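Here is a walk through one protein structure.

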Amino acid sequence: MNLESESQPTRHISINTLPNELLLNIFGYLDGHQPSASHLAVYDEPSFDLTQSGITDLKSISCGSKRWREVVLPVLFRHSQLIITETMTNGGKLPSDIKLFFNFITQNRLHKVITSFTLICYNQSFKVIYNRDPSHVLLTFWRSLFSVIDPIDLLIIAPSQALSFLTACPVNVDDSWCFDCPCQYLRLQRSPTRQVDKSMPDIDRDSGQKTKSISTPSIIPNVYEELPNPSEFHGGPEGNEENAFADASVLFGRPWSKLLLNEGSFIRVYATHEFWKRQPPSILSHLLGTPTSSPLFSPSIRDMEYISIFPMDSHFSNITQKFPRLDRLYVQFVPRSEILHDASRMTQVESENLWMERNRCYALLMRELFNVPPVGNYRWLQTFESGDAEDKDGWNMAEYMKSAGNGWKVTEEGVFFRDEIDFPPGL
């Protein structure tokens, strides 16, 4: 008999005796992809509920104890979300909820763990931008945001008026009443290679110690003071006006490589008189440039996805006529939901008009894609993908594509690829 072992007191082991590293590893099994990461989510009709999830295990864990919250906080806020409840104006101040977000991120040292960021704006009372006059508050907002976080995935869910303001892209809202688009999606993505701004202080220098509450660092402007004049970013009052306008747009805030724009449903407009004359509330025209203004489409973007439910060909022609330099283009015009079987949504709508405009949109694109030789920026396009491949009538256009030559090949249903040997030398 081992008397020495019998004399030792019994040790009670619980989860709270585990080191933080093991706790994080255990809690990590409860982590998952953000709801907006679903391949189908952003391709359906836009909804403010996109980021909602019925699984809240990590949130529940964070309420267990102060220590557990400190452990899971970096995982919990890896995919961050900010809901703007106040209206941004040209009054010279950012909303208080934005400042609270900045403070929370810096005080909890989360700036390097955030990989995706979603900005949701329910408010439709944003000042609509009708001309290229960037607001001071917008310059400060994006510059402040990207000095605090460095996401590789940014999603904006907002009504067209708010999206216009946040991107500094003018929109025409005169006919917005006849479009069924409560909100739209703009998603920007870039390479996962992270490059933190050298001007950002190393606020992780004490990471080996217990986290302490710190004051907001100087990288965040005092949003309650007078905001700088846009000309200050371009060498004084003689700064280039177009550059100043671009500075106010999120599109140039990071070297984005992929852009997705989902403008929602156009179905309601087909119930109005002379629907083809209506102007949708869209940033698309100014995004790609107008006869009087240069495009706000960043040259670093080489992958574009455009989704709208039965757009009019007069609107889609913004893309076909002002086609940017792209390697890949994805388009989708047919809904994946049951909207066509919803009597309330189809009241006074003649379905033949929907399919007629769909066909016209594809015809505009096919004519440009399969020109021999290709002209303009179409000659650089390597991949074209249709999200309407399940629509067999529309997919019959593939027979034309295969016989049109010009190097295009059908690699799978809905996807067309052009061999590199068919590309012109250069870029």
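A disulfide is a pair of cysteine sulfur atoms within 2.5 Å. This structure holds 0 of them. The model is predicted, so local features need pLDDT of at least 70 and side-chain atom pairs count only at pLDDT 80 or more, while totals for chains, interfaces and linings use all residues. Residues are numbered from 1 along each chain as its sequence is written, and side-chain values use heavy atoms, with hydrogens and water left out.

Take Cys181. The closest cysteine sulfur, in Cys183, lies 8.9 Å from its own, too far for a bond. Cys181 is buried, at 15% relative accessible area. Buried means under 20%, exposed over 50%, partly exposed in between (1.4 Å probe, protein chains only). Cys169 is buried too, at 0%.

Now the strands. Helices (H or I, at least four residues) and strands (E, at least two) are DSSP runs, numbered from the N terminus. Two strands pair if DSSP finds at least two bridges between them. Strand β7 (residues 328-332) runs parallel to β8 (residues 383-386), with 4 bridges. Here Val331 stands opposite Ser386. β8 also pairs with β10 (residues 415-418), antiparallel, over 3 bridges. There Glu385 has Val415 as its bridge partner.
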